[in-house]
Amino acid sequence: MASELQVNTITEATSGSGITFAKDIIPATPLSHRNMIINGGMQVWQRGTSAVTATGGTTGYSTVDRWKFEEGTGGTFTSEQETLSVADQGTTGHPTAIKLLVTGTDTSLTGNEYAYFFQRIEGQNLQHLQYGSSNAKTITLSFWVKSNLAGTYCAYLRKLTNTGYYVVKEYTILAANTWEKKTITITPTEGSTSLITAAAGAIANNNSIGLELGFSLAFGPNYQTTKDTWQTAEDYTTSSAVNWMGASNNFYMTGVQLELGSVATPFEHRSFG
């Protein structure tokens, strides 16, 4: 586990084996509870593991816990659990993943059409980010992804409390049908903006939705924007992103971690309970 240790004095014991610490060791960042995402390893599926068609509106919680799927195009897609092979577990470090399949295509996205999935995080779990102040922190997103459709995809972060702000980040699936690990760093001043560091950037310290982390699959032009900049417009992707709904494509993801700092640490595996 990567973590800087602040140590004042370390002395080797004069008798026996081992090390004697003269003062406490204080991690610069927490050794546990680093991941702000719940069920990022896709372990818990209380609603069911078989294929369920994604729908628009408020009915999108259908399979894997904490993750919501939305679809508002001329096509359809399903979500279900994928049990990974021994080889894939050896690559990703995870036994299960989200599996998405296009079951009805939309080859020409228009207007406000959309297909995506996301998780919402309560504000009381985000106070260590210090949004709304000059001390607002950088955060890092990491995850494993695979699809038959290589190309540019987008992830986004949406701040909901107080004034709503959005930032879109691109990532690239380089090779089809191959597990790849992606790491994305999001600073509070993306695009040389001060939205997050100003007072309106604050996240309320309660159980309301503080941040929404989402993965874009297909969005019409009305939701396309410039990458790498905080903004007030409700946008979720860029014009460079693939239209995943355009053919009978698949998409797999696991090991999603969102954490404090500019470095992605190893995935925080927590007990099922």
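**View 1. F251 and the residues around it.** Setting aside neighbours within four places in sequence, F251 touches I98, K99, L100, F117, V145, K146, S147, Y153, Y171, I173, L217 and W244. Here, contact means heavy atoms within 4.5 Å. Before you look further, note that this is a predicted model, in which local features need pLDDT of at least 70 and side-chain atom pairs count only at pLDDT 80 or more, while totals for chains, interfaces and linings use all residues. Residues are numbered from 1 along each chain as its sequence is written, and side-chain values use heavy atoms, with hydrogens and water left out.

**View 2. The whole protein in brief.** The protein has one helix and 15 strands. Both kinds of element are DSSP runs numbered from the N terminus: helices are H or I with at least four residues, and strands are E with at least two. Of the 273 residues, 46% count as buried. Buried means under 20% relative accessible area, exposed means over 50%, and partly exposed lies in between (1.4 Å probe, protein chains only). Among contacts with a separation of 6 or more, 74% join residues 24 or more positions apart.

**View 3. The largest nonpolar core.** A nonpolar core is a set of buried Ala, Val, Leu, Ile, Met, Phe, Trp, Tyr and Cys residues joined through side-chain atoms within 4.5 Å. The largest one here has 48 residues, and Y171, F215 and F251 have the most contacts inside it. At least two core residues come from each of strand 8 (96-104), strand 9 (114-122), strand 10 (139-147), strand 11 (151-159), strand 12 (165-173), strand 13 (180-186), strand 14 (209-219) and strand 15 (250-260). Strand 14 gives the largest share of this core, five residues. Another core, of nine residues, lies apart from it; among its members are Y116, Y156, Y166 and V168.

**View 4. Aromatic rings in pairs.** Which residues do ring pairs link into a cluster? They are W67, F69, F77, F117, F143, Y153, Y171, F215, W244 and F251. Rings of Phe, Tyr and Trp (its six-membered ring) pair if their centres lie within 6.5 Å; planes under 30 degrees apart count as stacked, over 60 as edge-to-face and the rest as tilted. By this rule there are 23 aromatic pairs. One of them, Y153 with Y171, is stacked, at 5.8 Å centre to centre and 20° between the planes. This pair links distant parts of the chain: Y153 sits in strand 11 and Y171 in strand 12, 18 residues apart. Y153 counts as buried because its relative accessibility is 1%, and Y171 counts as buried because its value is 5%. The centres of the W244 and F251 rings are 6.4 Å apart and their planes are at 80°, so this pair is edge-to-face. W244 and F251 are both buried.

**View 5. The lysine over a ring.** The charged end of K146 sits over the ring of Y252, 4.8 Å from the ring centre. The rule asks for NZ of Lys or CZ of Arg within 6 Å of the ring centre and within 35 degrees of the ring normal.

View 6. Two strands pair if DSSP finds at least two bridges between them. Strand 10 and strand 13 run antiparallel and are joined by seven bridges, with L141 opposite I184 in strand 13.

**View 7. Strand 6 beside strand 9.** These two strands pair in the antiparallel sense over four bridges. F69 stands opposite F117 in strand 9. From strand 6 (residues 68-71), K68 and E70 point one way and F69 and E71 the other way, and all are buried.

View 8. T225 lies in the loop between strand 14 and strand 15. Is T225 buried or exposed? T225 counts as buried because its relative accessibility is 18%. Its side chain makes a polar contact with the side chain of Q231 (2.9 Å). A polar contact is a pair of N or O atoms within 3.5 Å; within protein, one must be able to donate a hydrogen and the other to accept it, and residues adjacent in sequence count only if both atoms are side-chain atoms. D228 is in the loop between strand 14 and strand 15 and has a positive phi of about 60° although it is not a glycine. Most residues other than glycine have a negative phi. D228 counts as partly exposed because its relative accessibility is 26%.
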